[in-house]
Amino acid sequence: MRTLKTFALLLLLPAAAPAQGAATISADSIRTHIRYLASDELAGRGTGTPGNVRAAEYIARLLKGWGLAPMGDNGTYFQHFTVVTGVRAGGGNALSAAGRAIVGGDAVAAPEADFRPLAFSKDGTVTGPLAFAGYGITSADSTYNDYRALDCAGRIVIVLRYSPDGSDPHGALSRYSAFQTKTRLARERGAAGMIVVTGPADESEDRLVALRYDQSFSNGGIPSVTVRRAFADRLIAATGWTVAAVQESIKARGASVAFPVPGVTVTMTTDVERITAPTANVVAGIASADPSLKDQALVLGAHFDHLGMGGEGSGSLQPDTVAIHHGADDNASGTAGLLELARAFAPERSALGRSLVFTFFSGEEMGTLGSEYYVNHPAVPLEKTAAMINMDMVGRLTGKALTVNGTGTSPAWGALLDKEVADSSFAITRVPDGYGPSDHAQFYGKGIPVLFFFTGTHPDYHRPSDTWDKINYPGEERVVRFVYRVAVDIDRAGERPAFTRAESAPAPGGDSRGFRTTLGIIPEYGYSGDGLKVSVVRPGGPAEKAGLKAGDVIVTMAGKKIVNIYDYMEMLGKLKGGDKAELVVMREGRQITTTAEMAGRK
Ligand SMILES: [Zn+2]
């Protein structure tokens with residue numbers, strides 16, 4: 001009944017309060033914004049780079065010119081926050097080996113020359129006897145097992161990089177070659193630390209592993225370093241083995257080679273510093289004068305950051321090319337659309353129902369970090385936020401095909417979209433789910449109805465070739481005018497749109513594809529402490545029923561210690577719907593134990 005009532009109200013609206021602003025939204029202005037935002041000058045707007053700052057300043061300058069109110073920190077348009085952009089080796093790294101078995105006496109490794117910490121190393125100092133654990137792999141069916149007969153408790157283990165299948169990503173054992181898997185296996189067997197060495201069969205040059213930050217894997221749980229072969233060979237010389245010989249023997253026998261190294265004690269200290277960068281969302285508003293609705297907000301959002309110069313770990317689909325990733329469609333298009341909406345609504349304050357908040361997010365490409373920050377520091381309290389509209393990649397309209405996500409997040413959306421689609425030339429694809437790989441998911445996770453507009457993916461996605469000349473400007477003009485009308489409908493509807501949980505496709509990341517079960521959370525990807533930090537608890541899911549809250553850190557799950565997201569995913573892979581999993585979580589310094597009944601996944 002609620003849907004019908006809302007429908008009736010909406011039908012009356014155009015006559016009562018005509019919305020003129022749509023006509024002012026123009027392809028020419030959109031082109032101007034996109035040409036600047038996606039220009040070489042802004043160098044891909046990577047979060048934490050000068051080009052990103054210039055984009056934010058451009059947005060703020062326009063908002064100010066149109067008379068929108070600043071809603072950022074201390075009366076400015078900027079909402080500042082900090083992101084981790086990388087890591088570097090600190091001054092405290094050390095690696096040495098002592099014992100009667102070392103040829104030529106005790107060995108001290110020189111940082112950068114002989115060894116380097118790995119980016120995911122836990123900082124700390126460990127000492128222990130040495131063992132060589134082949135590739136550090138245990139296959140799921142145990143047909144290949146480097147740990148079968150090796151006691152690792154308290155030891156420092158040397159493992160080869162890659163797998164017996166070499167660096168071929170399609171080999172059967174290659175899927176175990178990721179550092180997150182090797183670290184977990186070593187840690188689960190009680191190893192105190194891990195040393196990674198690259199064998200000559202995989203890389204002829206004797207190089208150290210690069211220090212490269214991976215946002216989703218920032219804590220392996222034990223100190224870990226990479227060493228040169230020459231140094232590793234010296235440590236194991238008394239056993240008669242060399243790194244090359246271990247590799248050759250595994251290949252020849254098709255089975256593991258693993259052994260303790262008697263008489264050698266290794267001490268290592270790792271010190272990995274995080275490089276942080278300041279960034280900011282741009283937030284501005286138009287306050288309504290409507291006495292009954294003005295306290296409520298409608299949030300309109302788009303992210304303005306992109307991948308910068310790309311490169312490994314940036315999210316680029318051409319990671320071996322360091323080049324400007326222009327991000328014209330992703331998401332200069334949504335940014336330009338949001339600017340056009342701000343310009344269109346600016347003179348219409350007296351016609352507004354709810355107040356409008358325009359949020360230009362940074363940090364989206366690093367994992368919706370700007371919108372995550374916003375929902376935890378909202379300009380208008382979330383209880384008073386009626387809905388959120390997101391635009392991400394709206395510049396490549398083909399024919400009539402517009403995708404609208406989040407259509408299942410409020411019973412009001414169906415009729416509202418029916419009405420607007422009937423008046424438009426669009427054929428929309430409705431996706432009920434409120435989660436998805438963009439900023440609206442953060443709002444949906446907080447119980448706010450969302451709509452997300454998207455014109456579809458294309459071969460230039462996350463590549464340097466996503467350039468301004470490939471945008472369909474008349475098409476984007478139509479999309480933004482459509483979004484304008486939808487925003488007007490939501491803004492002026494007498495009844496606040498109710499929130500409903502949409503049926504969910506698998507969420508990005510932790511609750512990942514391929515698992516039979518879910519805990520109903522989204523992890524906080526930027527978290528680097530021990531455990532899995534919960535960013536979003538899905539309403540009605542197992543975690544919520546077990547009393548979990550956003551901000552909780554899961555440290556034990558079903559009896560297994562959880563150090564990072566990969567431990568958690570490993571556990572998800574072992575559980576099935578209906579299983580009861582005991583959870584130990586840390587909340588504000590207190591330890592809480594609860595039990596979740598895992599939900600099945602279709
Ligand atoms: Zn993107």
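## Helix packing and strand pairing in a predicted model

Let's start with helix H2: its axis and that of helix H11 (residues 473-492) come within 8 Å and cross at roughly 105°. Axes here are lines fitted to C-alpha atoms, for helices over the stretch in contact, and angles run from 0 to 180 degrees between N-to-C directions. H2 and H11 are therefore roughly perpendicular to each other; angles under 35 degrees count as roughly parallel, over 145 as roughly antiparallel, 65 to 115 as roughly perpendicular and the rest as oblique. Helices (H or I, at least four residues) and strands (E, at least two) are DSSP runs, numbered from the N terminus.

This is a predicted model, in which local features need pLDDT of at least 70, side-chain atom pairs count only at pLDDT 80 or more, and totals for chains, interfaces and linings use all residues. Residues are numbered from 1 along each chain as its sequence is written, and side-chain values use heavy atoms, with hydrogens and water left out.

**What H2 touches**

On the H2 side, Ala 27, Ile 30, Arg 31 and Ile 34 meet Tyr 473, Pro 474, Glu 476, Glu 477 and Val 480 of H11, where contact means heavy atoms within 4.5 Å. Sorted by class, that gives six nonpolar, no polar and three charged residues. For the classes, Ala, Val, Leu, Ile, Met, Phe, Trp, Tyr, Cys and Pro count as nonpolar, Asp, Glu, Lys and Arg as charged, and the others, Gly among them, as polar.

H2 (residues 27-37) also packs on helix H7 (residues 328-345), at an angle of about 135° and with the axes 9 Å apart. H2 and H7 are therefore oblique to each other. From H2, the contact uses Ser 29, Ile 30, His 33, Ile 34 and Leu 37; the H7 residues include Ala 328, Ala 332, Leu 339 and Arg 343. This contact of H2 with H7 has seven nonpolar, four polar and two charged residues.

**The eight-stranded sheet**

Over to the strands: an open sheet of eight has the order E4-E3-E10-E6-E7-E8-E9-E5, with mixed pairing. Its edges are E4 (107-109) and E5 (115-117), each pairing on one side only. Neighbouring strands are turned by 30° against each other on average, direction ignored. Two strands pair if DSSP finds at least two bridges between them.

Two helices lie across strands of this sheet. Helix H5 (residues 229-236) lies across E3 (94-98), E4, E6, E7, E8, E9 and E10, at about 160° to E4.

**Antiparallel pairs**

| Strand | Partner | Bridges | Facing residues |
|---|---|---|---|
| E6 (residues 124-133) | E10 (residues 258-270) | ten | Pro 129 and Thr 265 |
| E21 (residues 553-557) | E23 (residues 580-587) | four | Val 553 and Met 586 |
| E23 | E24 (residues 590-597) | eight | Val 584 and Thr 593 |

E23 and E24 form a hairpin with two residues between the strands, and Glu 588 takes a positive phi near 50° there.

**The whole chain**

Overall, the chain comes to 13 helices and 25 strands. Its C-alpha trace spans about 90 × 50 × 45 Å along the principal axes. With 602 residues, a compact globule would have a radius of gyration near 25 Å, and the chain's 27 Å agrees with that. The radius is taken over C-alpha atoms, and the globule rule is 2.2 Å times the number of residues to the power 0.38.
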